[in-house]
Amino acid sequence: MTGIYLAGAFVIGGGLLINRNRAINYLLVIAFLALQIGFTVYEYQHLNTIELGYFSADALGILMLMTLTLISVPAMYHSYIYLSDKNDNPRHRAFYYAAMVMLLTALSAAYLANHIAVNWIFVELTTLSASVLIYHRRNPNSLEGTWKYIFVCAISITLVFIGILFLSFALHQAGTDDLSFAMLIKKAPELNQFWLRLAFIFIFTGFTAKLGLVPMYTAGIDAKDKAPSPAGALLSSVLMNVGFVGIFRFYTVMSNSPLHSWANHVILIAALLSIFVATVYMTKVKNIKRMFAYSSIEHAGIAMLGLVAGGIGYYAAVLHIILHAFVKSAFFFQMGQIYRIYKSKSIYDAGNYFKYNLTGSMVMLLGFFSATAMPPAGLFISELLIFRSLFEANYLAVLIVVILFLTIIIWAFGKNIFKLLFSPAVGLDETNIEKIKPAESLSQFFLLGLAVYLGLNPPQEFVTLIQEAIKNLPQ
Amino acid sequence: MTNVLLIIFMISLLYLSIAHQLLTYIKILAFQGVLLFGIAFIELSQINVVNLAFVLLETIAFKALAIPFFLKYVINKNRITRDAEPFLPNFISLIINTSIIIGMFVLSNAIADSTISKIYFVVALSTLFTGLYIIVTRKKIITHVMGYLVIENGVFILSLAVGNEMPMLVNMGILLDIFASVFLLGIFINKIGDILKDVDADQLRHLRD
Amino acid sequence: MISFCLIILVSLFFSGILIRTRSIAAGRKGPGIFQPMKDIIRLVKKGAVFSNTTSFIFQIAPTIYFASVIMAIMVIPLGEYKGFISFDGDFVFFAYILATGKFFNIIAALDTGSSFEGMGASREALFSMFAEPAFFILMGSFALLTGNSSFQEIFTSLHFGSYISYILGVLATIVLLMITLVENSRMPFDDPNTHLELTMVHEVMVLDNSGLDLAMILYATNLKFAMYGAIIANLFMGSFPLYFTIPIFFALQIIFAVTIGMLESFTARFRMNHNAQYILVLSSVSLLIFLGVLLVLGKFN
């Protein structure tokens, strides 16, 4: 089925690229969505089977795949809205949809890959397709964002490749040359530690470009800022998940080797620095999309802290990153409407949102509660579990520092959101405000509600899947 | 014989740190491509012939011919000036590059593995860090791309160290190289040259907080 | 003994061959091969003039410089025949006796009280400082390779077997060639024919010397050329019998002189700001020679 999925997606992508007719475009997009949903359902029913030698639908892959499918449907819908109210350039539209299809396909394949090299190839493909999406508006600022994104991601991917080479050195001594994750976990205690350390440093640094941690987070900020809002939603939710999957799988390997605590220290430093960076920038940022991007960095840091702490933290980290994907994509979808009303992304030009778009502003308010992890949002549960695991693992100093940072972030985030929602806008021309249909905010309510549901009262299958995903970590 | 070629490769790295003109960078990159061709030819004797032919073709055709030609075309088309415009004087670059090489020597003493040849490790990592250093200390955007190509060369050398047992990794390295050159160079330098009048990294400072 | 005599012999015509090569490359016929020696003899017959601002340092410095070069020559072996002075670690003695001579040269230049000479002295000191690590790392690598530490023992036990030792030999020759150019202030680091004091390095240091002093300094330059040529020749001589080594020695010295002449004719002087980095490259290249030696010794695999 993976082969059918990849071939079908390739054909649909090619069709989208060469076709200029609107109706066929939409038909192909709907066909792709159907293919994606079918693929997800099939893989869920065939848990843990290996297909084509390199793809196996293990629990983590299924969870991420379901998240991807759930987000891709509103992404396509909002892309349709986004592209339908500009003066249409069929060629640009074709590139946009083709790139989006390729991004979703590459992400699905990367989630399911069970061999580190195949994972690497598909992550490289996501860089390519994401950059086409970022460049959609084709003005100098988006060119700058695309160039920075491509360059930093190219260097990061090269670093991951160097890490894979060091890993093969380590395996060489253990007498095998199979780089699949199953073999790596099995051989983890015997691997040469020097090479394993180097491999971990390089792979971790490389994947932080996708996940959004120090040191390579910079690419993502500009990318999420410049990409069109539906694409930005994908970049800050499911693309971050592929970084998480890469780091998580390698972390599982490290945790079964003697270098577990050393790896924990490395990740701890990166996560703390990320939350610090997010705090600093959130207090001074004026562009709403960049604010969301920095908030993503903060959440990635918190999820990594869960991994470091262990115990219940493993469960909480996976839960956090899934729920964060839903919440952040809802924000970015809503951003499209904000931009259409105020024609600007700066917080100074926006205000009094309740007057112009009631449903949208409800989304923003509920989203604010979700993103800053206030009850009853799902992220509250996952953050509480992460704090508890940090406390139980005797990282009390880290916990206090993180709570301090989070307080500052809540203040900064709240200051900007309340300015958007309640204060009057400065210099806004009220005559030509576009009317947004309330139905367009439905997808965001659904996503936010899903985050609440999965946090407060998750279905048993969901909990089982997460527990199965973390089973290889030392309990 | 590979040791000789690797030492000559390191001398070319030192020369890269004191070069002034962009054309010198391109010539050194082409020369490094030829050296890598030699090393690949001698080292990878145990993989099958088709794979070997592909690797050799890629080093000569891509690294030594196509990429230098493409870089020269981009420089001419965008009328980029000759100087490499470093932030630090070349003297300090030379000292830093020499200390990078010394640092890699010292690091390689910590390797307890006897099956991997240490000189590959030293040369590959020095190339990697020299490439990163070139990216960080040069103003022009085209020198960023050249620094990335130097990193690519380093990755290729590292992959040759295990090339005999795992030829797939060498192929993946080549895939990365082709991806980088086609994508980075082909599409975006041309676009950047058209839109930004002065291809300076100073122009890329609009997206900030 | 024999190497001392041979080096003195070579120094008589080395400079002449150098100037002749440059002239022929420029399309002229050029002076005779022994013309520089005739110039030196003419200078010896003249008297010296000392400025009022100088002290005794200025009067004794050229003699000390000349003496240091002679002592350095006494260390150099020829194949398996030791020099006059030979002990463990004598290459360090060699480098530092030359440095003593250079130090006296520099303070004599400062002694004259002329700012031009001071400028030339500081440049000379800088360039020698950067070339010094190159020499030490090179000789140190060879000492590591052969396990001995005296010139003569190093050169007799050096033999070239594998590919890598050939490249080490070639690299060492190039480094020594460049060190010669730096130490003797030739192109491309310094132009001996320049008239402009602002661009001089070595010439300006000896601007105020005359008579016997100037003759000693000029002859010391010739001796230094022959000395470095002897070191390079020693790299290739090994332990052949005497009737073999002497012709090889002369041949190598002549080739060395012609090479320097060609290098001088066809390169321009480096920009003064950039001179320092080109000299430092020598030290970095000799570091790579050290790496190569570690490879050959098998300490690196």
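Visitor: How far apart are the nearest C-alpha atoms of chain A and chain C?
Guide: Welcome! This is a predicted model. Chain A and chain C do not touch. The gap between their nearest C-alpha atoms is 15 Å.

Visitor: Which chains share the most contacts?
Guide: There are 2 pairs of chains in contact. One of them takes 45 residues from chain A and 44 residues from chain B. The pair that shares the most contacts is chains A and B.

Visitor: How much of the area buried between chain A and chain B do carbon and sulfur atoms give?
Guide: Let's begin with the polar side of things. The count of salt bridges between chain A and chain B is 0, and 2 residue pairs are in polar contact across this interface. The buried area is about 4300 Å², and the part of it given by carbon and sulfur atoms is 81%.

Visitor: Between chain A and chain B, which element brings the largest share of the side of chain A?
Guide: Several helices of chain A each supply at least two residues to the side that touches chain B, including α5 (116-134), α8 (193-211) and α11 (260-284). The largest share comes to 23 residues, and its source is α6(A).

Visitor: How many aromatic pairs are there over all chains?
Guide: Rings of Phe, Tyr and Trp pair if their centres lie within 6.5 Å. Over all chains, the count of aromatic pairs by this rule is 53.

Visitor: Are the planes of A:Phe292 and A:Phe332 stacked or edge-to-face?
Guide: Here is one pair to look at. A:Phe292 belongs to helix α12 (residues 288-309) and A:Phe332 to helix α13 (residues 312-342), so their pairing ties together parts of chain A that are 40 residues apart in sequence. Both A:Phe292 and A:Phe332 are buried. With ring centres 5.7 Å apart and planes at 70°, the pair is edge-to-face.

Visitor: How far apart in sequence are the parts tied together by A:Phe368 and A:Phe413?
Guide: The ring centres of A:Phe368 and A:Phe413 are 5.8 Å apart and the planes stand at 75°, so this pair is edge-to-face. A:Phe368 lies in helix α15 (residues 358-371) and A:Phe413 in helix α17 (residues 396-422), so the parts of chain A they tie together are apart in sequence by 45 residues.

Visitor: Over which ring does the charged end of A:Arg197 sit?
Guide: Chain A has charges over rings too: A:Arg137 lies over the face of A:Tyr339, 5.6 Å from the ring centre. For A:Arg197, the charged end is 5.2 Å from the centre of the ring of A:Trp262.

Visitor: Which side chain does a polar contact of 3.4 Å join to that of C:His202?
Guide: C:His202 lies in the loop between α7 (163-183) and α8 (211-237) of chain C. Its relative accessibility is 9%, so C:His202 counts as buried. Leaving aside neighbours within four places in sequence, C:His202 touches C:Asn105, C:Glu124, C:Ser185 and C:Asp190. The polar contact of 3.4 Å is with the side chain of C:Glu124.

Visitor: What separation is there between the C-alpha atoms of B:Asn164 and B:Asn90?
Guide: B:Asn164 is in the loop between α6 (141-161) and α7 (167-195) of chain B. Leaving aside neighbours within four places in sequence, its contacts include B:Glu43 and B:Ile47. B:Asn90 is 74 residues from B:Asn164 along the chain, and their C-alpha atoms are separated by 38 Å.

Technical notes: Residues are numbered from 1 along each chain as its sequence is written. Chains are lettered from A and ligands numbered from 1 in the order in which they are written. This is a predicted model: local features need pLDDT of at least 70, side-chain atom pairs count only at pLDDT 80 or more; totals for chains, interfaces and linings use all residues. Side-chain values use heavy atoms; hydrogens and water are left out. Contact means heavy atoms within 4.5 Å. Helices (H or I, at least four residues) and strands (E, at least two) are DSSP runs, numbered from the N terminus. Buried means under 20% relative accessible area, exposed over 50%, partly exposed in between (1.4 Å probe, protein chains only). A polar contact is a pair of N or O atoms within 3.5 Å; within protein, one must be able to donate a hydrogen and the other to accept it, and residues adjacent in sequence count only if both atoms are side-chain atoms. Rings of Phe, Tyr and Trp (its six-membered ring) pair if their centres lie within 6.5 Å; planes under 30 degrees apart count as stacked, over 60 as edge-to-face and the rest as tilted. A charge sits over a ring if NZ of Lys or CZ of Arg is within 6 Å of the ring centre and within 35 degrees of the ring normal. Buried area is the accessible area (1.4 Å probe) that two parts lose on being put together, summed over both. A salt bridge is a side-chain nitrogen of Lys or Arg within 4 Å of a carboxyl oxygen of Asp or Glu.
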